[in-house]
Amino acid sequence: MTTTEPSATADPAATARPSLRDARQRFLSGDQLPGGVPEEVVAAWRRARFFGVPHDLAEPATDPVRPVESALLVAARPVLDRIVPALGAGRSLLVLTDERLRVLWTAGNVPGLGPCPVLSEQEVGNNSAALALRARRRSEVHGPEHFLDRWQDVSAVSVPVLAPDNGQVLGTLTVASRPCAARPPHPQAALAEAAAAAVETELRARAGRAERVLLDAYLRAARGRDRAVAALDGRNRLISDAAQELLTPEVLGALERTAVRARQAEVPVLREVAGEAGRSAEAGRAVVPEGAVVSEGSASVLPEGAVVPEGPEVMSDIGGFPALPDSAGCTARITPVRLDGSVIGVVAVLEPLKAPAPSTSGSPSPPVALAGSSVPWRHAVGRAVELARSREPLLLTGERGTGKSALARELLGPGDAQVADAAQDAGLDRALPAWQADRPFLLRHAERLTQPGVAALNSLLDTHPDAPLLITHTPGAPAGPCLQRLLDKLSARSVTLPPLRERSEDIRELLSALVPRPAPGQPPLTWTLDALRALERYPWPGNVTELAHVVRALAEHRRASGPVRRAELPDAVRDGPAARPLSPMEHAERAAILEALRRHGGNKARAAAALGIGRATLYRKLRGYRG
């Protein structure tokens, strides 16, 4: 099977000229290259030499093991089988790779082109599949642009295949042929792009069906009132209100791992997972209030006739899967959910213990009731809880809106703490004289302190190094020498909270915590799957604070009924982030353009007129935002 090789951005016209063949021979022999050779091509040859790829390679040095199961191949095979007749006998080769450029499938035939199990640059040098994977767009490589001798008479075009839910590259589709016309595009570029688009459509359809299966399994398990049910597939979660009360981050993590591993192995139909403390205890009942489904997660409905198996078999553990932690105050009965014979997720029915055993670990960690179970968030909170146990200064840093003040208040607890805000008392003229040395002191916005305020705080720490002081700081402008001295003094006892873009998996939990309680007789705010995905992809420059504003505005001002749809989200959230980092001015421009387009129904001419710019300028700016 041959590889369709990356098209460096080199001009394929130059690729077909004998001068490029001559340049390659000069490169291989170490002679000086002639002028006019595209730098991208020379760079690709140099990378191949750096990787130690021999130009006369007959077979790759390694023979990678193909994945036993590939969701991409399962979705792509029916599409590709329909395309194969269009290749023409002996004229083209069609190749599908995974995200590591391991060849999953090939069809067609080109005389002189042999099989190749992997298309990574490290193994075979410059080729269109590797280039398409790196550039995330259609790429072509022609003749002597390739490094290998065996591909000097090959023209190839490759297109990345993207995941429908998160846009990640799942693999590549390549069409390889004998040398084609000198100028791009490759004559079968349209075929490659159409094939990739068809595979992505099939992936999207299959993903939607799996989510419907998971949702239906959740609904069946949640029959009746007051049942604690969670449905998980490693990416999506559906969690009832009662389950929220039982699911600590540790229990949720154990269930997530169970869901992921269940998708990779066949498991018995029904088993029970429990901590040691729960295996001899009597379990109570569990819960699911009506209407908790769409608001908690993303999934959707079993095909007609499918059932979630139920039965009397209850075992103490799932063989090979992690049990719940010993401190868990519940047991979990796990039911695998299957689609077309494969496990796609699990449903867990949680049952609280009547008398949970006390934790055997020394001093239990004080609970921090802030939504989020992602690894970065749990790590930061755990570190803050550990440091807050001693009555010494603690510094919480992070971008604006990450929850520093909320976490600080949670760490201080309900006691009689004094709170000062440097944004309102920059010199601490009012706060410090009123502070009692044994009373916890929370100082917000330390970056807003004036030099006298910083000097007073440094002096206080010099005389009371063990003061119960908790400070929040938002990095930004360079700190002055006094403030930098304060930050250096607290650096050993500081915790940086992660921005929301680095813990997007927490957004669904945050939505549940941020949605205001509905008025009597009104349904709770819920979300469509499309809206949830848009919320998870948006980078949230204002972090949790910005998310809270969006949720509050929707709860207060929307007039539509039913779940919140993507179209109701703010323009920047609905349309997704720009393809490259934007300056503050570009952010403002982009927001104004998107709003004008929304008001004028997508008509670019009218939007440009309303903004007072030319239509060509509007098109240019939109292209610029796409990177």
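The protein chain folds into 22 helices and 15 strands, and the model behind this count is a predicted one. Of its 627 residues, 46% count as buried. As for how the chain meets itself, take the contacts with a separation of 6 or more: residues 24 or more positions apart account for 70% of them.

Helix H9 makes a handy place to start looking at details. Helix H9 runs over residues 249-262, which makes 14 residues. From the first C-alpha to the last, H9 reaches 20 Å, close to the 20 Å expected at 1.5 Å a residue. Quite a list of residues in H9 is buried: Val 251, Leu 252, Gly 253, Ala 254, Leu 255, Glu 256, Thr 258, Ala 259 and Ala 262. And what do the buried residues of H9 pack against? Their partners are strand E6 (228-232), strand E7 (237-239), strand E9 (330-339) and strand E10 (342-352), along with helix H16 (507-514).

Next comes a pair of helices. Two packed helices are described by the angle between their axes and by the distance between those axes. For helix H14 (residues 451-463) and helix H15 (residues 481-490), the axes come within 9 Å and cross at roughly 35°. The crossing of H14 past H15 is left-handed. On the H14 side, the contact is made by Gln 451, Val 454, Leu 457, Asn 458, Leu 461 and Asp 462. H15 brings in Cys 482, Leu 483, Arg 485, Leu 486, Lys 489 and Leu 490. Sorted by type, the residues of this contact between H14 and H15 come to 7 nonpolar, 2 polar and 3 charged.

Arg 558 sits in the loop between helix H18 (543-557) and helix H19 (571-575). Is Arg 558 buried or exposed? With a relative accessible area of 16%, Arg 558 falls under the 20% cut-off and so is buried. Setting aside neighbours within four places in sequence, Arg 558 is in contact with Leu 525, Ala 553, Pro 563, Val 564 and Glu 568. Glu 568 is 10 residues away from Arg 558 in sequence, and their C-alpha atoms are 8.2 Å apart in space.

The other loop residue, Asn 126, is found between helix H5 (121-124) and helix H6 (128-135). Asn 126 has a relative accessible area of 1%, so this residue is buried. Asn 126 and Val 141 are separated by 15 residues in sequence and by 8.0 Å in space, C-alpha to C-alpha.

Definitions and conventions:
Residues numbered from 1 in each chain as written. Predicted model: local features only at pLDDT ≥ 70, side-chain atom pairs only at ≥ 80, totals over all residues. Heavy atoms only, no water. Helix = DSSP H or I, 4+ residues; strand = E, 2+ residues; numbered from the N terminus. Expected span 1.5 Å × (residues − 1). Buried < 20%, exposed > 50% of the residue type's maximum accessible area, 1.4 Å probe, protein only. Contact = heavy atoms within 4.5 Å. Axes fitted to C-alpha atoms, helices over the stretch in contact; angles between N-to-C directions. Left-handed = near helix turned anticlockwise from the far one by under 90°. Nonpolar A, V, L, I, M, F, W, Y, C, P; charged D, E, K, R; others polar.
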